[in-house]
Amino acid sequence: MLSKQLKLPAILSSIRLMLILMLISACASAPKPESVRPDAPEVVVFQQAEEMFQKGDTDRALSNYTIYLGQFPQGRYAATALLRIGTIYQQQGLPQAAQAFYRSAIEHHPRSPAAVQAGAALLDLLIAENRLDEAAQIAATLLDGPLDYKTKQTVLQRLERLHRDADTPALSV
């Protein structure tokens, strides 16, 4: 418990430094995606999964995203498939499984907008579980990549929540 109290000021200092760096850094835009034929097998498989996800048929969506990743592990939509699988597992009350897929999206597709969304979702889960060190590391990873203004604001909101949660009396007990 004492080591947690001693680490907290260091974590907060790191967060403040990241916030300052984030505010100073220039906004970078992601490269434009190449065009893909709408009837390409990769698009068809992914679109089927997306349709199921949008309809709320999460079991079939999960199956289709898994098929997509099996056929196209480095495909154009792989990061989004990983994000969606994480989202489905989170909705099903399986946070550990969700975290694994969010981490995979971040690790394997760090420059993807879906990876940034996965990072924000992962931050929320880690903060909810009071795993503040890990949350700060994920935030640093996200801020290390090229982010647009809106995305930086999203990460900033998560960092503010992390900072606010770290300042609660429950942590210093």
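**Salt bridges in a predicted model**

Reader: How many salt bridges does the count come to in this model?

Author: The structure is a predicted model. A pair is counted when a side-chain nitrogen of Lys or Arg lies within 4 Å of a carboxyl oxygen of Asp or Glu. By this rule, the count of salt bridges comes to five.

Reader: Which parts does the salt bridge of E50 with R84 tie together, and how many residues apart are they in sequence?

Author: In the salt bridge between E50 and R84, the closest N and O atoms are 2.9 Å apart. E50 belongs to helix α2 (residues 41–55) and R84 to helix α4 (residues 78–91), so the pair joins parts whose separation in sequence is 34 residues.

Reader: Which helix holds E134, the partner of R103?

Author: R103 and E134 form a salt bridge, with 2.9 Å between the closest N and O atoms. R103 lies in helix α5 (residues 95–108), and the pair ties together parts 31 residues apart in sequence, because E134 lies in helix α7 (residues 132–144).

Reader: Which residues are linked with E134 in a network of salt bridges?

Author: The side chain of E134 also meets that of R131 in a salt bridge, at 2.8 Å from N to O. R131 is partly exposed at 23% relative accessible area, and E134 is partly exposed at 27%. The network of salt bridges links E134 with R103, E129 and R131.

Methods: Residues are numbered from 1 along each chain as its sequence is written. This is a predicted model: local features need pLDDT of at least 70, side-chain atom pairs count only at pLDDT 80 or more; totals for chains, interfaces and linings use all residues. Side-chain values use heavy atoms; hydrogens and water are left out. Helices (H or I, at least four residues) and strands (E, at least two) are DSSP runs, numbered from the N terminus. Buried means under 20% relative accessible area, exposed over 50%, partly exposed in between (1.4 Å probe, protein chains only).
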